[in-house]
Amino acid sequence: MIFIRLRAAKKPASVKKIILPPLFMSTGALMFVVPVFRVSFSQVLEALAVGVIFSIFLIRTSRFEVRDGDIYLKPSKAFIGILFGLLGLRIVLKLVIGQTISFGETSGMFFLLAFGMILSWRLAMLKEYIRLEKTISKQDVAKRV
């Protein structure tokens with residue numbers, strides 16, 4: 001993830017590049033077709049809520065910048081540390097929760113946690129990208145007039 005993020009900073013961002021990762025990840029929800037992975041509604045809400053809370057760190061470190069009329073994702077030095085910190089926290093949580101909840105339920109909950117984290121992070125990025133895109137468009141119109 002770290003290398004992908006660093007490489008992505010060298011190319012302009014786009015709506016497609018922002019929305020595709022959660023879309024591709026959503027196919028993992030097919031795991032819930034298998035009964036062993038199914039979780040209760042309250043567990044779904046808990047996992048999604050924790051994912052949204054975790055995404056706050058990613059949202060705060062994801063910034064865009066405008067260069068040569070294009071929008072780029074600005075690399076953050078804190079991003080790498082935050083990713084490792086979130087990974088460590090998720091491992092600890094999985095070990096603790098895994099002792100009281102079955103393997104299938106734990107797997108389902110951690111998929112939902114990751115999906116909630118990525119979806120909310122990417123939605124925040126999309127909102128910021130669209131805002132910047134409108135700003136660039138207004139500047140282009142002002143330059144032409």
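1. Let's start with the buried face of α3: Q43, A47, G51, F54, S55, L58 and T61 are the buried residues in this helix. Buried here means under 20% relative accessible area, exposed means over 50%, and partly exposed lies in between, with a 1.4 Å probe and protein chains only. Please keep in mind that this is a predicted model, where local features need pLDDT of at least 70, side-chain atom pairs count only at pLDDT 80 or more, and totals for chains, interfaces and linings use all residues. Residues are numbered from 1 along each chain as its sequence is written, and side-chain values use heavy atoms, with hydrogens and water left out.

2. Staying with α3, the helix covers residues 41–61, which is 21 residues. From its first C-alpha to its last it reaches 31 Å, close to the 30 Å expected at 1.5 Å a residue; the expected span is 1.5 Å times one less than the number of residues. There is a bend of about 30 degrees at S55, taken as the angle between axes fitted to the seven residues ending there and the seven starting there. S55 is also one of the buried residues of α3.

3. For the overall layout, the protein chain has five helices and two strands, in the order α-α-α-β-β-α-α along the sequence. Helices (H or I, at least four residues) and strands (E, at least two) are DSSP runs, numbered from the N terminus. Along the principal axes, the C-alpha atoms fill a box of roughly 65 × 30 × 20 Å. The chain has 145 residues, of which 32% count as buried. Among contacts (heavy atoms within 4.5 Å) with a separation of 6 or more, 80% come from residues 24 or more positions apart.

4. Which residues touch the most other members of the largest nonpolar core? They are I18, L58, F64, I71, L86, M125 and Y129, out of 20 residues in that core. Two or more residues each come from α3, β2 (70–74), α4 (77–97) and α5 (103–144), and α5 gives the most, with nine. A nonpolar core is a set of buried Ala, Val, Leu, Ile, Met, Phe, Trp, Tyr and Cys residues joined through side-chain atoms within 4.5 Å.

5. Not counting residues up to four places away in sequence, I71 touches P12, A13, F64, E65, V66, Y129, L132, E133 and I136. A second, separate core has nine residues, including M31, M109, L112 and F115.

6. G108 is found in helix α5. Is G108 buried or exposed? G108 counts as buried because its relative accessible area is 0%. Leaving aside neighbours within four places in sequence, G108 is in contact with M31, F32 and F37. G108 and A49 are 59 residues apart in sequence, and their C-alpha atoms are 14 Å apart in space.

7. On to the strands. β1 (residues 63–67) and β2 run antiparallel and are joined by five bridges; two strands pair if DSSP finds at least two bridges between them. Within this pairing, E65 has Y72 as its bridge partner in β2, while V66 stands opposite I71. In a regular strand the side chains alternate between the two faces of the sheet.

8. D68 sits in the loop between β1 and β2. Although D68 is not a glycine, it has a positive phi of about 55 degrees. D68 counts as exposed because its relative accessibility is 80%.

9. Finally, how many salt bridges are there? The count comes to two, where a salt bridge is a side-chain nitrogen of Lys or Arg within 4 Å of a carboxyl oxygen of Asp or Glu. One joins R67 to E65, with the closest N and O atoms 3.0 Å apart. R67 is partly exposed at 34% relative accessible area, and E65 is partly exposed at 24%. The other brings R131 and E128 together at 2.6 Å, N to O. Both of these residues lie in α5, three residues apart, about one turn of the helix. R131 is partly exposed at 45%, and E128 is partly exposed at 26%.
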